[in-house]
Amino acid sequence: MDVFLLYSIFFIILSVTLLRNLIKRMSLPNPKLPPGSMGLPYIGETPKLFSQNPDDFFSTRQKRYGEIFKTHILGYKCIMLVNSEAIRYVLVTHAHLFKPTYPRSKERSIGPWALFFHQDGYHTRMRKLVQSSLTPSMVRNSVSCIEATAMSTLDSWSGGRLVNTFHEMKKFVFDVAVLSIFGHLDTGYKEILKKNYSTLDRGYNSFPICLPGSLYATSLRARRRLGQTLSEIIKERKEKSVADKDLLASLMNYKGENGEHLTDDQIADNIIGVLFAAHGTTASLLTWILKYMHDDPNLLGAIKAEQKVIYEQNDGGKRGITLAQTKNILRMASVVSYTFREAVEDVEYKGHLIPKGWKVLPLFRNVHHNPDFFSEPREFNPSRFEIGPKPNTFMPFGNGVHACPGSELAKLEMLVLLHHLVNEYRFVDVHE
């Protein structure tokens, strides 16, 4: 009888507890998907994204749905984030809930072993290897070579010929990236890499259809040729057994805890990943800077005055610029619209459901153009950074463990080029 009574009491307590939990769950609002449009079946809103300026695509939806909204692009269901607090939640404070990911088409273009497609141990190891070739001492040793490359680029514009600024900036940034990755690479290899990388780059953001003759299919063929060329370079480097200190050497000399080395594919994917990260963004930013300098005489005058001091310190350009001097002329802006993450489980954020497997895209540029953080955000005004921006509102190189490891090199090469441009050349309109 005592045992029966004990079980009865236990059953009553258990039933009451379960009932209370059920009532509590029923009384709480279920998280719902953010507002937004998923577009057409399968293709979603991808055609709309590719048919207009991406900034217009995202800003239109932000105005319509708010700072967190859903869409369907590039074959994936996506949650877009324009809220700086939400971006920090995804990239920093709860980064373990969101793995780095890109559409399959992007991974095929660069290579699945590139460090920014990974997290945890592999990402940490590859990031350290990349950063080892971009330490302050390594960057300091590269200043003279970068300066020579910048001066050669500017000299090539002389003679009155018409140039495409963005294309020229891409050439310059590519040359600096090759210098950081390979040191002084054989000219033949350098031209092969440049030709095939240019083809890869043209098709990277094209519609991912592998039809013969399409930009994307042509891009993938160029990617295969890049892999073959890199394998040849790696083979020659192994045969020479030279103790280099560039990125390629760091990747080739890597040994894991069990003595394992990186495969040629892993090395090639990470090299192409670094080229990709360094190339278009820095070239775009340089192009915009040159445009603003040309359009705004006051801005150009201020930059010239700033640079003239350094120029005179170096005996009128007879002595090379130093790393310390470049630190005094920092101007930054962001040319990256967004990055990709993927929810590893169902996540609830402030009443919104982010389903497992959905892509999550922090929209950096929309945050940078938020008038709550930056007055007249569409105006180019470098002086706004004389007072530091609010935390988590300015992320030109990303945020969290996946922030750009080459940011210092990118800033250095831009500043070196601008230093020589404003001191040794002048802006004139073509009709003068």
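Student: On what basis are the residues numbered, and which confidence limits apply?
Tutor: Residues are counted from 1 along each chain as its sequence is written, and side-chain values use heavy atoms, with hydrogens and water left out. The model is predicted, and totals for chains, interfaces and linings use all residues, whereas side-chain atom pairs count only at pLDDT 80 or more and local features need pLDDT of at least 70.

Student: How many helices and strands are there in the protein chain?
Tutor: Helices are DSSP runs of H or I with at least four residues, strands are runs of E with at least two, and both are numbered from the N terminus. On that basis, the protein chain has 16 helices and seven strands.

Student: What percentage of the residues of the protein chain count as buried?
Tutor: Buried means under 20% relative accessible area, exposed means over 50%, and partly exposed lies in between, with a 1.4 Å probe and protein chains only. The protein chain has 432 residues, and the buried share is 44%.

Student: In which order do the strands of the open sheet follow one another?
Tutor: Two strands pair if DSSP finds at least two bridges between them. The edge strands are β1 and β3 (98-100), each pairing on one side only. The five strands form an open sheet with mixed pairing, in the order β1-β2-β7-β4-β3.

Student: In which sense do β1 and β2 pair, and in which sense do β2 and β7 pair?
Tutor: Strands of a sheet pair through backbone hydrogen bonds, either parallel or antiparallel. Between β1 (residues 68-73) and β2 (residues 76-81) there are six bridges, with Ile-68 opposite Leu-81 and Ile-73 opposite Tyr-76. Between β2 and β7 (residues 359-362) there are four bridges, and Met-80 has Leu-361 as its bridge partner. The sense is antiparallel for β1 and β2, and for β2 and β7 it is parallel.

Student: Which residue takes a positive phi in the hairpin of β1 and β2?
Tutor: The hairpin has two residues between the strands. The phi in question is near 55°, and the residue is Leu-74.

Student: Why is β1 largely enclosed by the rest of the structure?
Tutor: In a regular strand the side chains alternate between the two faces of the sheet. In β1, Ile-68, Lys-70 and His-72 are buried on one side, and Phe-69, Thr-71 and Ile-73 are buried on the other. The strand is largely enclosed because the number of its six residues that are buried is six.

Student: Which helix packs on the sheet, touching β1 and β2?
Tutor: Contact means heavy atoms within 4.5 Å, and angles run from 0 to 180 degrees between N-to-C directions, with axes being lines fitted to C-alpha atoms, for helices over the stretch in contact. The helix spans residues 54-65, and its direction makes about 135° with that of β1; it is α3.

Student: How are α12 and α13 oriented to each other?
Tutor: Helix α12 (residues 264-295) and helix α13 (residues 297-313) have axes 5 Å apart at an angle of about 110°. The contact involves Tyr-292, Met-293 and Asp-295 of α12 with Pro-297, Leu-299, Leu-300 and Ile-303 of α13. Angles under 35 degrees count as roughly parallel, over 145 as roughly antiparallel, 65 to 115 as roughly perpendicular and the rest as oblique. The two helices are therefore roughly perpendicular.

Student: Is the crossing of α8 and α12 left-handed or right-handed?
Tutor: Helix α8 (residues 165-182) packs on α12 at about 140°, with the axes 8 Å apart. A crossing is left-handed if the near helix is turned anticlockwise from the far one by less than a right angle, and right-handed if clockwise. Here, the crossing is right-handed.

Student: What is the relative accessible area of Phe-172?
Tutor: Phe-172 lies in α8. Leaving aside neighbours within four places in sequence, its contacts include Ile-146, Leu-286 and Leu-417. Phe-172 is buried, and its relative accessible area is 0%.

Student: Is Thr-229 buried or exposed?
Tutor: Thr-229 is found in helix α10 (residues 215-240). Beyond neighbours within four places in sequence, Thr-229 is in contact with Tyr-189, Ile-192 and Leu-193. Its relative accessibility is 8%, so Thr-229 counts as buried.
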